[in-house]
Amino acid sequence: MITELTGGKLIKAGELYSAQDVFTPTKPARITFVEREVINDKLVAALRTPGKQLVVYGHSGSGKTTLLVNKLHQLYENHITTRCISGLTFEQLLLDAFDQLNNFYDAEKVYAAKRNVSSSLQAEYVGIKLQAGAQISSEQQTNQQRVLPPQLTPQTLAKFLGTARCCWVLEDFHKIEPPEKRKLAQVMKVFMDMSDEFSFLKIIAIGAVGTARQVVEYNAEMRNRIAEIYVPLMTDVEIREIPQKGEALLNFSLSSRVKNGIVMYSSGLASVCHQLCLNICFAADIYETLPRHAEIATAVLEKALDRYLEDASDTLKSSFDKALRQLRKGKFNNGRLILEALLQCEQDGATPAEILTKIKERLPDYPSGNLTLYLKQLQTDERGALIRHDAGSGRYSFSDPIYRAFALTLFGQEHSEVDLTISREDLARALNRLFADVGTLREVK
Ligand SMILES: Nc1ncnc2c1ncn2[C@@H]1O[C@H](COP(=O)(O)OP(=O)(O)O)[C@@H](O)[C@H]1O
Ligand SMILES: [Mg+2]
């Protein structure tokens, strides 16, 4: 028997899979990848149209990365990915793409892969590489401080990418500062103009945000050459396919009650679905494809949920811990004050002035300089990245609905000391609020 799975890949009965390759809460799904009909046509058309640039956006966890990884494997010869973090400059982005192209232009690698690359282009690549590299060794600079060699213009990068038939994926592009974003829009323009010569040239900017314009800002003239693709949360029908594919691959079956439960708790978030399924496997001692088919008892869902809540609690705790930690004993607990003020503002965020007003209601002498500094810090990973800034509206908000929900339970009762132990009930309540939020998000689009 042969079962057809994703992307035309054939999976033979009798093949062994590990539970972690089947259920992938923290990485892009491959063998349990579920095709997303609503978006598929639009995405495929955009990927196939020469010169079309892409902006892919949607709620964190909606499946943007997974969708692209799978579609690019099906449709595109090569791609490179740059992961954006806040503070990264446009020059660093170009350098990162350039470095990754080494696989296509390094003489030994070209030879080993029997690729046909013109020697003049190879020489040009190596020349720039030497320059970029020389700066590091001579001045002992870190990657962060490397300077862009003057020859590495967007046009040159386009030529290297285009010849390698490689598209460039920029993950989390919303984290880049607005001036740097604007420079990228200009590179997109260069790529569009050069697509006559290199039809594969493409930038795909991905952002975990509500609108395409929060990912990249570009002018009206470029508009019809950029495809804006919104990735909604998965539908219940799509989510249900994940445990269904898993059952076939690992050779077990779940009752429809368990599957209904999984779908319900997932609320459109595939990562929750994968995690619950994986927990179910572990609770039932399934680590790889079973030699003999097994029915899984309904009670394992309970166990899987418990485990999920415990783990979620640890992750949340550590993020809040980072945000609230006071490095120096100052007059104010800035992190806490700001998060509490944000809680009193609208869910879609507040301007610094609104936040300051809220804080001053309690502490009239709170300095606005502290606010500016901590609004920046609270967005960094070192501080748990609990909040984000939307350059379009100028508002700050919780970067994920679960943080807001969790902050509500954490600060709901007035403690003088912040207590970071979370009861299961509190967490369940937070998750329920999150699910309610996600539910409304799903209705909006
Ligand atoms: N189409 C899909 N089929 C199966 N699982 C998916 C699909 N899309 C996403 N997932 C799973 O959902 C989780 C989040 O997906 P991801 O692509 O990282 O979301 P995003 O990039 O939007 O934050 C991952 O665990 C991934 O394996
Ligand atoms: Mg992603």
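**Entry 1: contacts of ligand 1.** I began at Lys27, where a polar backbone atom sits 2.7 Å from an oxygen atom of ligand 1. This is a predicted model, so I keep in mind that I am reading computed positions. Next I looked up Thr24: one of its backbone N or O atoms lies 2.5 Å from an oxygen atom of ligand 1. At Gly61, a polar backbone atom is 2.8 Å from an oxygen atom of the ligand.

**Entry 2: cover.** How much of the accessible area of ligand 1 does the protein cover? On its own, ligand 1 has 560 Å² of accessible area, and the protein covers 91% of that.

**Entry 3: the shell.** I found that helix 3 (64-75) and helix 13 (270-283) are the elements giving two or more residues to the shell around ligand 1. There are 22 residues around the ligand, and those that come nearest are Thr24, Lys27, Lys64, Thr65 and Thr66. I sorted the shell by type and got 11 polar, 8 nonpolar and 3 charged residues.

**Entry 4: domains.** Why does ligand 1 lie between domain 1 (1-34 + 234-298) and domain 2 (36-230)? Both domains give residues to its shell, so the ligand lies between them.

**Entry 5: confidence.** I checked the pLDDT too: the protein averages 84, and 85% of the residues score at least 70. Residues 414-421 stay under 50, and the model gives them 13 contacts beyond four places in sequence. The stretch 437-445 is also below 50, with 14 contacts beyond near neighbours in sequence. A reminder to myself: where pLDDT is low, the predicted coordinates should not be read in detail.

Note on methods. Residues are numbered from 1 along each chain as its sequence is written. Chains are lettered from A and ligands numbered from 1 in the order in which they are written. This is a predicted model: local features need pLDDT of at least 70, side-chain atom pairs count only at pLDDT 80 or more; totals for chains, interfaces and linings use all residues. Side-chain values use heavy atoms; hydrogens and water are left out. A residue is near a molecule or strand if one of its heavy atoms lies within 4 Å of it. A polar contact is a pair of N or O atoms within 3.5 Å; within protein, one must be able to donate a hydrogen and the other to accept it, and residues adjacent in sequence count only if both atoms are side-chain atoms. Accessible areas come from the Shrake-Rupley method with a 1.4 Å probe; for residues, only the protein chains shown count as cover. Helices (H or I, at least four residues) and strands (E, at least two) are DSSP runs, numbered from the N terminus. Ala, Val, Leu, Ile, Met, Phe, Trp, Tyr, Cys and Pro count as nonpolar, Asp, Glu, Lys and Arg as charged, and the others, Gly among them, as polar. Domain bounds come from an automatic or database domain assignment. pLDDT is the predictor's confidence in each residue, from 0 to 100. Contact means heavy atoms within 4.5 Å.
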